[in-house]
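Me: I would like to learn how to read a few structural features with some care, taking the general idea before the particular case. Could you guide me through one example?

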Amino acid sequence: MAQLPILEYPDPRLRIRAEQVTEFDAELAQLVADLFETMYEAPGIGLAATQVNVHRRVLVVDVSEERNEPICLINPEIVHADGKVSYEEGCLSVPDVFEAVERAERIKVRACDKRGETFELEAEGLLAICIQHEMDHLEGKLFVDYLSTLKRDRLKKKALKKAKRDVADREPEASNASAPLI
Ligand code: NI
């Protein structure tokens with residue numbers, strides 16, 4: 001297994017739309033293992049392949065307290081959604097930014113496992129939010145895209161300034177350490 005580097009906003013590779021997985025082979029199983037390792041190490045509660053610069057429709061999540069409920073979705077599709085919920089999201093690819101985003105409260109997802117078997121999963125609450133957030137990554141979409149243009153421009157300037165500064169010294173900024181990153 002290997003921990004993979006995570007791309008950070010505004011890296012343009014986060015905007016690449018991921019492709020369907022067609023081969024359920026050992027290489028895919030390795031990618032899934034690496035995604036889980038990278039997510040747990042970060043630590044985060046979800047990670048999409050896009051975030052590690054692999055543009056295939058694979059995502060992993062684990063929203064459990066004990067970090068022992070790994071879920072991997074390959075080629076996920078939302079087949080049903082209802083309700084609305086607003087949650088302050090943070091993202092491993094957008095450090096130090098936490099903003100409320102509105103999403104469906106309950107979803108039903110159809111996906112494949114790493115062996116290519118199709119299954120359905122019903123999710124609500126944080127799990128539903130997390131899956132929708134990761135599915136956006138596969139489309140090249142980030143949670144900051146839901147914010148107003150003014151707010152997003154400000155964040156982009158801040159991120160670019162930070163990227164420049166990080167080359168010189170990697171002093172971590174104070175962040176909301178209690179909120180989960182997805
Ligand atoms: Ni994210």
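Reply: Let us begin with a term: helices are DSSP runs of H or I with at least four residues, and they are numbered from the N terminus. The model here is a predicted one, and in it His137 lies in helix 2.

Me: Is His137 buried or exposed, and which residues is His137 in contact with, leaving aside its neighbours within four places in sequence?

Reply: Buried means a relative accessible area under 20%, and because that of His137 is 1%, His137 counts as buried. Leaving aside its neighbours within four places in sequence, His137 is in contact with Leu14, Ile16, Ala48, Thr50, Gln51, Cys91, Leu142 and Ile182.

Me: Which atoms coordinate the nickel ion, and how should I read the angles at its site?

Reply: Ideal angles at a metal are 109.5 degrees for four tetrahedral donors. In this model the nickel ion is coordinated by SG of Cys91, NE2 of His133, NE2 of His137 and O of Ile182, at 2.1 to 2.3 Å. The angles among these four donor atoms run from 90 to 154 degrees, and the site is irregular. The spacing of the donor residues in sequence is C-x41-H-x3-H-x44-I. His133 lies in helix 2 (residues 125–138) and Ile182 in the segment after helix 3 (149–168), so this pair ties together parts that are 49 residues apart in sequence. Both His133 and Ile182 are buried.

Me: How do I read a strand, and which way do the residues of strand 2 point?

Reply: In a regular strand the side chains alternate between the two faces of the sheet. In strand 2 (residues 58–61), Val58 and Val60 point one way, whereas Leu59 and Val61 point the other way, and all are buried. Strand 2 runs antiparallel to strand 1 (residues 46–48), to which three bridges join it, and Ala48 stands opposite Leu59. Strand 2 also pairs with strand 3 (residues 71–82) in the antiparallel sense, over four bridges, and there Cys72 is the bridge partner of Val60.

Me: How many aromatic pairs does the structure hold, and how is such a pair described?

Reply: A pair of aromatic rings is described by the distance of the centres and the angle of the planes. The structure holds one aromatic pair: Phe36 and Tyr40 are stacked, with 6.1 Å centre to centre and 15 degrees between the planes. Both residues lie in helix 1 (residues 26–41), four residues apart, which is about one turn of the helix. Phe36 counts as buried at 14% relative accessibility, whereas Tyr40, with a relative accessible area of 25%, is partly exposed.

Notes: Residues are numbered from 1 along each chain as its sequence is written. This is a predicted model: local features need pLDDT of at least 70, side-chain atom pairs count only at pLDDT 80 or more; totals for chains, interfaces and linings use all residues. Side-chain values use heavy atoms; hydrogens and water are left out. Buried means under 20% relative accessible area, exposed over 50%, partly exposed in between (1.4 Å probe, protein chains only). Helices (H or I, at least four residues) and strands (E, at least two) are DSSP runs, numbered from the N terminus. Two strands pair if DSSP finds at least two bridges between them. Donors are N, O and S atoms within 2.8 Å of the metal (3.2 Å for Na, K and Ca); water is not among the atoms, so sites may look incomplete. Four donors count as tetrahedral if all angles lie between 85 and 135 degrees; four count as square planar and six as octahedral if opposite donors are over 155 degrees apart and all others between 65 and 115; anything else is irregular. Rings of Phe, Tyr and Trp (its six-membered ring) pair if their centres lie within 6.5 Å; planes under 30 degrees apart count as stacked, over 60 as edge-to-face and the rest as tilted. Contact means heavy atoms within 4.5 Å.
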